Amino acid sequence: MTDFRIDVQIFDEFANVVAEPSVLEVVAAALESESCAPDTHVSVVIADDEVVRELNLQHRGLDENTDVLSFSFTHEGEYYGEEERNKSETDIDFVLPPTENEDVSLGEIIISYPQTCRQAEQAGHPVGQELTVLLVHGVLHLLGYDHEEPDDEAMMKAATSRTMGQMSPRHN
């Protein structure tokens, strides 16, 4: 497997139930399936509902729980809020030093672990399987896939199936 640079942060409350090596393996498999450059960088955060809901409100204008958010450094996301989004001081664009630009940084995936558990229970499959699907989904969003239009959704489903098909059985 290619040596991608994948940073994982798991909130302390989930450290005993989310295995970092599994997260690394799934993200790497998704990047490899999409033929990403070996120096591709992705950050993953396994968080709680509160953090993900706040980010969903701040960056998408939606005051609701969600399962996964992807913050791409190269693809704009949709803002669904009723009011026009005001850029805050924390939204200021900046340029990384030249040594940092050597990596192809796609962005950050943030997953609500409690929402992952609820969805797994509703679907009747293991939490690990749901987490795998959400990680793949997040990576695909970082790569520009979307599911707002039927054609886009079909392409994203095909990419998800292709990626899941290339993973070891313990992740499916």
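Helices (H or I, at least four residues) and strands (E, at least two) are DSSP runs, numbered from the N terminus. This is a predicted model: local features need pLDDT of at least 70, side-chain atom pairs count only at pLDDT 80 or more, and totals for chains, interfaces and linings use all residues. Residues are numbered from 1 along each chain as its sequence is written, and side-chain values use heavy atoms, leaving out hydrogens and water.

**Helix α1**
- Helix α1 covers residues 20-33, 14 residues in total.
- From first C-alpha to last, α1 reaches 20 Å, close to the 20 Å expected at 1.5 Å a residue (1.5 Å times one less than the number of residues).
- Its buried residues (under 20% relative accessible area, 1.4 Å probe, protein chains only; exposed is over 50%, partly exposed in between) include Val23, Val26, Val27 and Leu31.
- Among the elements covering the buried residues of α1 are β1 (5-10), β2 (40-47) and α5 (150-166).
- Just after α1, Ser35 takes a positive phi of about 55°.

**The aromatic pair**
- The structure holds one aromatic pair (ring centres within 6.5 Å; planes under 30 degrees apart are stacked, over 60 edge-to-face, the rest tilted; rings of Phe, Tyr and Trp, its six-membered ring).
- Phe14 and Tyr113 form this tilted pair, at 5.1 Å centre to centre and 45° between the planes.
- Phe14 lies in the loop between β1 and α1 and Tyr113 in helix α3 (residues 113-123), so the pair ties together parts 99 residues apart in sequence.
- Phe14 is buried at 7% relative accessible area, and Tyr113 is buried at 10%.

**His125**
- His125 sits in the loop between α3 and α4.
- His125 is partly exposed, with a relative accessible area of 22%.

Note on methods: Contact means heavy atoms within 4.5 Å.
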